[in-house]
Amino acid sequence: MGTVISQSIYDSDAQKIAKEIDTEIKNLENINLSWRIKDSDINRINANSGNFTKVDDRTIDWIKTSIDVSKNCNGVFDLTVGPLIQLWNIGSDDAKVPTSDELSSALKTIDYKNVIISGNEVKCGKGQNLDLGAIGKGVACDQIANILDNKNVKGATISVGGSILLYGKNPNAANWALGIRNPIGKADDYVAILKLDECFVSTSGDYERVFEKDGISYHHILDPRTGYPAKSELLSVTVICNSGLLSDALSTACFILGYENSISLLEKYDAQGVFIDKDLNVYVTKGIQNRISITEPNFKLVKGN
Amino acid sequence: MNGKKSKINISKNTSRVALLGILSAQALALSFIENFIPPIPGLPPGAKLGLANIVTMFTASTMGFTSALCVTIIKALFVGSTRGVTAFFMSLAGGVLSTIVMCVLLQIKKNPFGILGVSVACAIAHNTGQLIVATIISGTAMFASYAPFLLFFALVAGCITGSILNVLMPALERQSSFFRR
Amino acid sequence: MKSNKPFLKRADIILIVIVIFICIVLFLPNFLNRNSSAVAVVYKNGKEVQRISLDSVAKSYEINLGTEPANILLVEKGRICYKSATCHDKLCVKQGWLSKSGDTAACLPSKTLVVIEGQSSTDEPDIISY
């Protein structure tokens, strides 16, 4: 995963627990998720496209949930975007703008409906390529929550890349205070504070990974319908949910869908969201309207329905 | 040949190198000793008295810039080999800046400062050099908050080293004169 | 060779007085805040990652900063310190307890810093979304 993990574990055994978490993250990458590591579940499914491959139970669960989300958002989030992502390769040194021919061949393979689960085996369509990169960090947070459960930890804040786990109770206050990052500011600038209880938080923004060529900026949230970075009126979406995987998947989907079209999607998963658009309006779903306070003058709060 | 002349006829360069060697060793020893002083809480970690500056200042005033620079570099290498690369650059930066300041002050024809003033200026330069290196290495400006502490500590350290130098001056000069015979 | 180097001249005293004056000016903000409750601010790579209101700490706990070399902070009511570190010098750990505004401890190899600030601010986030 190669991402930064920062942890604050409020427990006397914090050191030992932190080590366990690091080990778990490595296992996730090696065994299940990485499309780079040869023997990972995802890689074996991709290598064996068109045929069934036996994989770990947890991988099956994650694929099942991913298919479910893909269905509910009409493919805006799609676990088969592998070829598209690899074409652009944004975030690495080989990032490039693909030709329209390259894009149409890649787009042809993208269709979550061709991913079939049978028992403990999974098959993707011939030529398809699964990529769970968009949800990997959320999945990690889910696993970390399990570890913390086993250790009876009272409270912790964990961040894997940009996916956040707010676990248990804040020892310093009544609830956790989450800062919503300023999408047009530096990494530690925040525009609002959300008071939250235990939950998972993911943010998708056009500032996270950007690639510039010939004066045009391409961000990394690709729209599987067009093949290009999503043209959204949003600068960032923050999704709050009771599952890390879902918060990751939903934040990607909501960024592409825009505020209006995301509301029913979030309701389906009992999730909440904070949307910041290009005019610095901050739209907040009903469930968290009373928990947010804007701290930056130029941003306007708009209470959603 | 002539009984009146000294029997030992070492060339000037050799005796200079030998003296530098002794001075460097003394600088190293002082640097080593001051590590045993426990860090005082409230002060930035790694803040050192800079006792080695006593030797460097003496070298600068009696043997010139290049000689003082030699002592500084040797001391930095010693620090580097015992405490790591970070410490090497900290010591080098502080030492070089401090050496430059002391030489500038000592070269000025009408130097207004006595030993105490030069010591204090050196100590401040030393800490400034270290702060700059710390900022560059960490790539952040978070060490700027240390500035007031470092300034005050440099003042105290400068007074202490200046006083010690003042006391040791005759002894150091005697040591040097041994090499000039 | 100058054997008669004067120790103290007028310029020396002026220099010292100026330095003391600058120090007082720089220290003033800290002294004015002494009586407010203490907030520990943790920086990683120069960015603020956490604010801890030390007075509202009920039970002591640890924080793993997740750096390389590793740093573990120990937070107790009213004070905080580097409990352990895997860096070479362990100067951070040797700094001991930080409790009063202005107290600092840092680990240069892992680029972390802990500073005690004066104001107790209940309006700072525990974590910021990315």
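Which residue in β11(A) is the bridge partner of F211(A)? In β11(A), that partner is Y218(A).

The model is a predicted one, in which local features need pLDDT of at least 70 and side-chain atom pairs count only at pLDDT 80 or more, while totals for chains, interfaces and linings use all residues. Residues are numbered from 1 along each chain as its sequence is written, and chains are lettered from A and ligands numbered from 1 in the order in which they are written.

**Chain A**

Chain A has 8 helices and 16 strands, these being DSSP runs numbered from the N terminus (helices H or I, at least four residues; strands E, at least two). Of its 305 residues, 48% count as buried, that is, with 20 or more other C-beta atoms within 10 Å of their own, C-beta atoms being placed from the backbone. Among contacts in chain A between residues at least 6 apart in sequence, 61% join residues at least 24 apart; a contact requires C-beta atoms, placed from the backbone, within 7 Å.

**Strand pairing**

Two strands pair if DSSP finds at least two bridges between them. The pairings are tabulated below.

| Strands | Sense | Bridges |
|---|---|---|
| β10(A) (residues 210-213) and β11(A) (residues 216-219) | antiparallel | 4 bridges |
| β7(A) and β8(C) (residues 127-128) | parallel | 2 bridges |

β10(A) and β11(A) form a hairpin with 2 residues between them, and D214(A) in the turn has a positive phi of about 50°.

**Interface of chains A and C**

In total, 33 residues of chain A are in contact with 23 residues of chain C. Elements of chain A giving two or more residues to this side include α1 (14-33), β1 (5-10) and β7 (176-181). The chain A side divides into 16 nonpolar, 13 polar and 4 charged residues. Here Ala, Val, Leu, Ile, Met, Phe, Trp, Tyr, Cys and Pro count as nonpolar, Asp, Glu, Lys and Arg as charged, and the others, Gly among them, as polar.

**Helix packing in chain B**

Helices α1(B) (residues 12-34) and α3(B) (residues 65-83) have axes that come within 9 Å and cross at roughly 45°. That angle makes α1(B) oblique to α3(B), since angles under 35 degrees count as roughly parallel, over 145 as roughly antiparallel, 65 to 115 as roughly perpendicular and the rest as oblique. Residues of α1(B), including L20(B) and L28(B), meet residues of α3(B), including I74(B) and F78(B). The residues of this contact divide into 9 nonpolar, 3 polar and 1 charged.

Key
Axes are lines fitted to C-alpha atoms, for helices over the stretch in contact, and angles run from 0 to 180 degrees between N-to-C directions. Two residues are in contact if their C-beta atoms, placed from the backbone, lie within 7 Å. A residue is buried if 20 or more other C-beta atoms lie within 10 Å of its own, exposed if 12 or fewer, and partly exposed in between; C-beta atoms are placed from the backbone.
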